[in-house]
Amino acid sequence: MSVANILAADVTADIGGLVAAVRPSDTLLAVGSLVNGLGSSSTELDLLLLGSGVPSAGVSATVSSMSSSFYRTGSGRAVKVRFCSDEELYRIAGTVDHFGQALIEPSAWANLPHLEEPAQVLLHEVRNGIVLTNASIAQSWRETLRVDQFHLYVATLYLLRYAARRRNVLQQMQDGDAENAEWMLLECLEVILAGALAAAGETNPRRRWHLRLARRLDAGFQAAGVARVIEMIRTRPSAGTGEAVAVGLSVADELRDHLLRRCPQLSMLAAPSTVTAGE
């Protein structure tokens with residue numbers, strides 16, 4: 001069920017008390033699984049309130065991008081609301097600015113700052129959320145946070161992780177532990193699939209949704225080897241011989257190369273020997 005269907009079912013009116021409490025300097029977005037077309041009939045509506053200071057009176061939410069509380073509508077419906085303050089948003093913007101500089105100045109790639117998962121979730125939601133109030137404020141935050149470049153940031157992190165995991169797999173093979181190499185190969189495949197999704201504009205950091213997101217992308221994406229990567233993840237390589245490693249890495253490299261063709265700005269990461277990023 002899409003958020004459009006839910007909003008069409010008088011949910012906008014149902015959260016009228018919450019909308020009325022949003023200040024002119026704040027903005028309210030519908031976010032979460034419903035917005036991404038991933039929810040079910042029982043999925044709750046998630047809202048994200050961006051604003052200064054503390055929420056207005058009547059808005060039940062806490063000042064943290066990691067915390068949430070529930071707003072009880074007039075009809076008794078529970079809606080989960082998260083609040084993120086200007087201070088937190090500007091802190092995240094500083095990291096995003098550093099990444100923007102790296103796209104222009106290669107030396108900025110060194111020690112690329114890492115955004116923790118809650119911040120990545122927040123950027124994904126600001127990028128994809130449906131604006132319910134004060135669209136101009138939402139657009140201002142989208143520009144400040146450079147969410148138009150967020151898919152490149154996510155793709156970068158996964159490319160770096162893939163390179164590290166790939167080295168681990170090869171080292172295990174060199175040490176004669178084919179079984180563990182094949183086990184590590186699974187994480188390699190999951191990481192490069194996540195990176196390819198980001199390159200295609202799918203920035204959802206929740207891996208539990210990556211299979212469904214990959215299935216619904218265009219034929220060009222499917223032809224890039226994603227179907228083979230998914231099948232290897234689903235079936236898992238048989239242990240012991242190490243033959244699956246060479247095949248798996250070849251398929252993963254094909255998807256990595258497709259990612260780099262989609263995002264030529266990241267071509268220097270094909271062999272990232274001097275670039276680091278946190279986990």
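The model is predicted, so local features need pLDDT of at least 70 and side-chain atom pairs count only at pLDDT 80 or more, while totals for chains, interfaces and linings use all residues. Residues are numbered from 1 along each chain as its sequence is written, and side-chain values use heavy atoms, with hydrogens and water left out.

Next, burial. Of the 279 residues, 49% count as buried, meaning under 20% relative accessible area with a 1.4 Å probe, protein chains only.

The largest nonpolar core has 60 residues. A nonpolar core is a set of buried Ala, Val, Leu, Ile, Met, Phe, Trp, Tyr and Cys residues joined through side-chain atoms within 4.5 Å. L50, I92, L122, L123, L145 and L193 touch the most other members. Helix α7 gives the most to this core, with 12 residues. Another core, of 12 residues, lies apart from it and includes V22, V79, V81 and F83.

Now helix α4, residues 117-128. Which of its residues are buried? They are A119, Q120, V121, L122, L123, H124, E125 and V126.

Last, contacts, meaning heavy atoms within 4.5 Å. Among contacts in the protein chain with a separation of 6 or more, 68% are accounted for by residues 24 or more positions apart.

Definitions and conventions
Helix = DSSP H or I, 4+ residues; strand = E, 2+ residues; numbered from the N terminus. Expected span 1.5 Å × (residues − 1). Buried < 20%, exposed > 50% of the residue type's maximum accessible area, 1.4 Å probe, protein only.
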